[in-house]
Amino acid sequence: MPQASERPNIYCETLGPDQFGIIEKPLTLAEQIYNKVWLRKVAILIVLALAWEIYGRWLDNPLLVPPFSAAVRALITDVGSGTIPRRALSSLEVLLVGFAMGTVLAGLLTVLAISSRIGTDFLETMTAMFNPLPAIALLPLALIWFGLGAGSLIFVLVHSVMWAVSLNMLAGFRGVSATARMVGRNYNLGGLRFVAKILIPAAFPSILAGLKIGWAFAWRTLIAAELVFGVSSGQGGLGWYIFENKNQLDIPEVFAGLLTIILIGLAVENGVFRLIEARTVQRWGMQT
Amino acid sequence: MTGGPALASRTTSGTKEMKSVSPALRGRAVPTDEAGRPLLDVRGVTMRYKTQAHLITATYRVSFSVLQGDRFVVVGPSGCGKSTLLKAVGGYLTPIEGEITLKGERITKPGPDRMMVFQEFDQLLPWKTVLENVIFPLRTTGTLSRLEAYDRAMQYLEKVKLADFSHNYPHMLSGGMKQRVAIARGMAMEPDILLMDEPFAALDALTRSRMQDELLSLWDETRFTVLFVTHSIPEAIKLGNRILLLSPHPGQVKAEINSVPRGQENSNQAAALGREIHDMLFADQIKKAPNASGQ
């Protein structure tokens, strides 16, 4: 039996890079196409639209489900006549004001919450009470307080945005690593400078998620509120457009209104939020 | 406020020397700065902290002095409170007894005169590039103008051989490179003392050994003062010129000794020192073992 000490040392020659068959090879065209995220998503949308079209034609009842093509025709007509852009613009105006106010208030509340224990208790109690409360339930009160107009809409928007965003911000701030905090304090950063230069960037993935949720909540609340009372100073938004057309049984136009909301949602998600993500959290390696 | 304690530590520094340092070193002349005091003076520091269920004494009446240009290494097994001690020097924790002074000023809060290099890789801010990470403290503390900060940052990034990666984000770097950025960031501030909390502990053995060599060659260039915490005896012998041994639960000074001369970390002398340190740190267990078997 061989002893351990009897084994010889072994030395090997390695092959040079030119002696291998394949080290690097481009993918086939089909593989490259399939790797494009947006192409895969567009394919999904086309399949869904086709299914809708086929079902609509088979049902043959435009009062229940008009085919996809009818909805698109209605959409094109009303976009061409300027009705939908006008309505969408008036909705977006109110939406942006409400969203911005809600976000700023959420930011203030969260900064208060992380700087003192009573602030934390305050925010936690408030979100526990108001986050489950549907904004629409406040609409009757808002109408009494602010009258029939943008004021009431903005009030319910702020309510629907604020609690969701501040909950996410607080979770993000709490998740900032102890090391990052100590690094900031090592540089003599304190107070608002510490929040702005360390906490907000470090918590940015959560803050961004909060903003996305807030944006979706704001849309839902706005359309629902417009459906309830609609006209503000003679110029209704998209919700009012849907309501009007439903009353006149112009169902393709109702679908055109819904499609507009979906399209704006897609544009904001894939345009604005995707861009912010690519520029920030993905570039920083905080999100894969 | 700061005048009182500073004066007190100056007048009593001669007598404290006798109490705190091991008997072998008694009477040794300690070189000091122009003002006649050590750069960093830790006097009788007891650290305590609370967990959910316990009040833990991390260190008990620890005293030592770090002089200008020292590579001062604190070594001890886990649970000897060495990291807690370093965080106290950093100003993150306050001792319940004793005091820590830097250049005669009592340490009360964190500050850029004591730059910290942490063990964790997430100490680099992920939203800033390598270069921005080094520039950031130089700018926020108002130390340098924009242009000067850029030059200083590039100079230190070149020292740690990372100038080519200055526009990369931290997540694109390996662990060793991240630690080199953290060291460059600390050194670029040119602090009074650089505090290092097991900065190489999370690295693989080969990278770790290379980083130790690089740290020593950086020291040869700039002769900065560093307080280094580790649990590795070979690392302490290789990096330090002066080694403080702490015993665990709670951390108390076992000894404060000189390391072997530079470049001798593989010699028999170093091996003997390593055994000596090992025996001192684990003396209690060795003493206990025969008693237990005898009964």
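Student: How many bridges join strand β1 of chain B to strand β4 of chain B, and which way do the two strands run?

Tutor: Happy to take you through it, and please keep in mind that this is a predicted model. Strand β1 of chain B, residues 40-50, is joined to strand β4 of chain B, residues 97-102, by five bridges, and the two run antiparallel. To find your place along this pair, look for B:Asp41, which stands opposite B:Thr101 in β4(B).

Now widen the view to the sheet. Chain B has an open sheet of four strands, in the order β2-β1-β4-β5, and the pairing is antiparallel. In general, strands of a sheet pair through backbone hydrogen bonds, either parallel or antiparallel. At the edges sit β2 (55-66) and β5 (105-106) of chain B, each of which pairs on one side only. A helix also packs on this sheet: α2 of chain B, residues 82-90, touches β1, β2 and β4 of chain B, and its direction makes about 115° with that of β1(B).

Most residues other than glycine have a negative phi, and most peptide bonds are trans.

Elsewhere in chain B you can compare another arginine. B:Arg223 lies in the loop between α6 (205-222) and β8 (226-230), and has a positive phi of about 55° although it is not a glycine. B:Arg223 has 11 C-beta neighbours inside 10 Å, so it counts as exposed.

The peptide bond from B:His249 to B:Pro250 is cis, with omega near -10°. You will find B:Pro250 in the loop between β9 (242-247) and β10 (252-258) of chain B.

Finally, step back to see how chain B meets its partner. The contact takes 18 residues from chain B and 16 residues from chain A. On the chain A side, α8 (178-186) and α9 (191-202) each supply at least two residues, and α8(A) gives the largest share, six residues. By type, the chain A residues that touch chain B divide into eight nonpolar, five polar and three charged.

Conventions: Residues are numbered from 1 along each chain as its sequence is written. Chains are lettered from A and ligands numbered from 1 in the order in which they are written. This is a predicted model: local features need pLDDT of at least 70, side-chain atom pairs count only at pLDDT 80 or more; totals for chains, interfaces and linings use all residues. Two residues are in contact if their C-beta atoms, placed from the backbone, lie within 7 Å. Ala, Val, Leu, Ile, Met, Phe, Trp, Tyr, Cys and Pro count as nonpolar, Asp, Glu, Lys and Arg as charged, and the others, Gly among them, as polar. Two strands pair if DSSP finds at least two bridges between them. Axes are lines fitted to C-alpha atoms, for helices over the stretch in contact, and angles run from 0 to 180 degrees between N-to-C directions. A residue is buried if 20 or more other C-beta atoms lie within 10 Å of its own, exposed if 12 or fewer, and partly exposed in between; C-beta atoms are placed from the backbone.
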